[in-house]
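This report describes one protein chain for a reader who has not seen it before. Please look over the sequence and the structure, then read on.

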Amino acid sequence: MSGFRKFILRGNLVDLAVAVVIGTQFSNLVKSFVNSFINPLLAVVGGKPDFTSLVLTVGKAKFTYGAFLTEAVSFLISAAVIYFVIVLPVTRVLHLFDRKQAAAERDCPECTMKIPLAARRCPECTAVITPATEQPLSIV
């Protein structure tokens, strides 16, 4: 039982459980957003695609491929709108935060470890470094 308890209480398993719960909640949030805003917007602009009347009959079997086509088209339209409305703006904001962080650090010329711009000595290789604000101008 102690081995099982260690397995269950391991950080990776708990992290995975939290990720599944958060992922499920995020999925519900996106589904609600699409149903509340995107689908009505699409209905106003071009109507809701409906191919449910398309049926292929072979013998006594009915293949309702129209329902699948309706869901596939709806998915593609929703995915495109979600990408341009949510994913693209969030990616741009995260890129701006990364740019600000990159401006606060630079690579050590000796060991290529990230160090603060104003550092005079690298904490990894202890090389003496000219701070970025005092670098001499080079003539090209």
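## Around Ile115

Beyond its neighbours within four places in sequence, Ile115 is in contact (heavy atoms within 4.5 Å) with Ala104, Glu105, Arg106, Asp107, Cys108, Cys122, Pro123 and Ile129. Ile115 also belongs to the largest nonpolar core, which has 5 residues in all: Cys108, Ile115, Ala119, Cys122 and Ile129. A nonpolar core is a set of buried Ala, Val, Leu, Ile, Met, Phe, Trp, Tyr and Cys residues joined through side-chain atoms within 4.5 Å. Buried means under 20% relative accessible area, exposed means over 50%, and partly exposed lies in between, with a 1.4 Å probe and protein chains only.

## Basis of the model

The model is predicted: local features need pLDDT of at least 70, side-chain atom pairs count only at pLDDT 80 or more, and totals for chains, interfaces and linings use all residues. Residues are numbered from 1 along each chain as its sequence is written, and side-chain values use heavy atoms, with hydrogens and water left out.

## Overall layout

The chain has 3 helices and 4 strands, arranged along the sequence as α-α-β-β-α-β-β. Helices (H or I, at least four residues) and strands (E, at least two) are DSSP runs, numbered from the N terminus.

Of the 140 residues of the chain, 11% count as buried. Among contacts in the chain with a separation of 6 or more, 18% are between residues 24 or more positions apart.

## Charged residues

Arg106 is found in strand β3, which covers residues 105-107. Arg106 is buried yet has no salt bridge, and the nearest side chain of opposite charge, that of Asp107, is 8.8 Å away. For charge, Lys and Arg count as positive and Asp and Glu as negative, while His and the chain ends are not counted. The side chain of Arg106 does reach the backbone oxygen of Thr130, at 2.7 Å.

The structure holds 1 salt bridge, defined as a side-chain nitrogen of Lys or Arg within 4 Å of a carboxyl oxygen of Asp or Glu. The side chains of Lys114 and Asp107 form a salt bridge, with 3.4 Å from N to O. Asp107 is partly exposed, at 42% relative accessibility.

A search of the whole structure finds 2 aromatic pairs. Phe33 and Phe37 form a tilted pair, 5.4 Å centre to centre with 40° between the planes. Rings of Phe, Tyr and Trp (its six-membered ring) pair if their centres lie within 6.5 Å; planes under 30 degrees apart count as stacked, over 60 as edge-to-face and the rest as tilted. Phe33 and Phe37 are 4 residues apart in helix α2 (residues 11-46), so about one helical turn separates them. Phe33 is partly exposed, with a relative accessible area of 25%, whereas Phe37 is exposed at 55%.

Tyr83 and Phe84 form an edge-to-face pair, 5.1 Å centre to centre with 80° between the planes. Tyr83 is partly exposed at 39% relative accessible area, and Phe84 is exposed at 56%.

Helix α2 also holds Lys31, which is exposed with a relative accessible area of 56%. Lys31 and Ser78 are 47 residues apart along the chain, and their C-alpha atoms are separated by 9.7 Å.

Glu110 lies in the loop between β3 and β4 (114-116) and is exposed, at 59% relative accessibility. Not counting residues up to four places away in sequence, Glu110 touches Cys125 and Ala127. The C-alpha atoms of Glu110 and Val128, which are 18 residues apart along the chain, are separated by 9.4 Å.

Most residues other than glycine have a negative phi. Thr112, in the loop between β3 and β4, has a positive phi near 60° and is not a glycine. Thr112 is exposed, with a relative accessible area of 58%. Thr126, in the segment after β4, has a positive phi of about 60° although it is not a glycine. Thr126 is partly exposed, with a relative accessible area of 47%.

Definitions and conventions: Polar contact = N/O pair within 3.5 Å; in protein donor to acceptor, adjacent residues only side chain to side chain.
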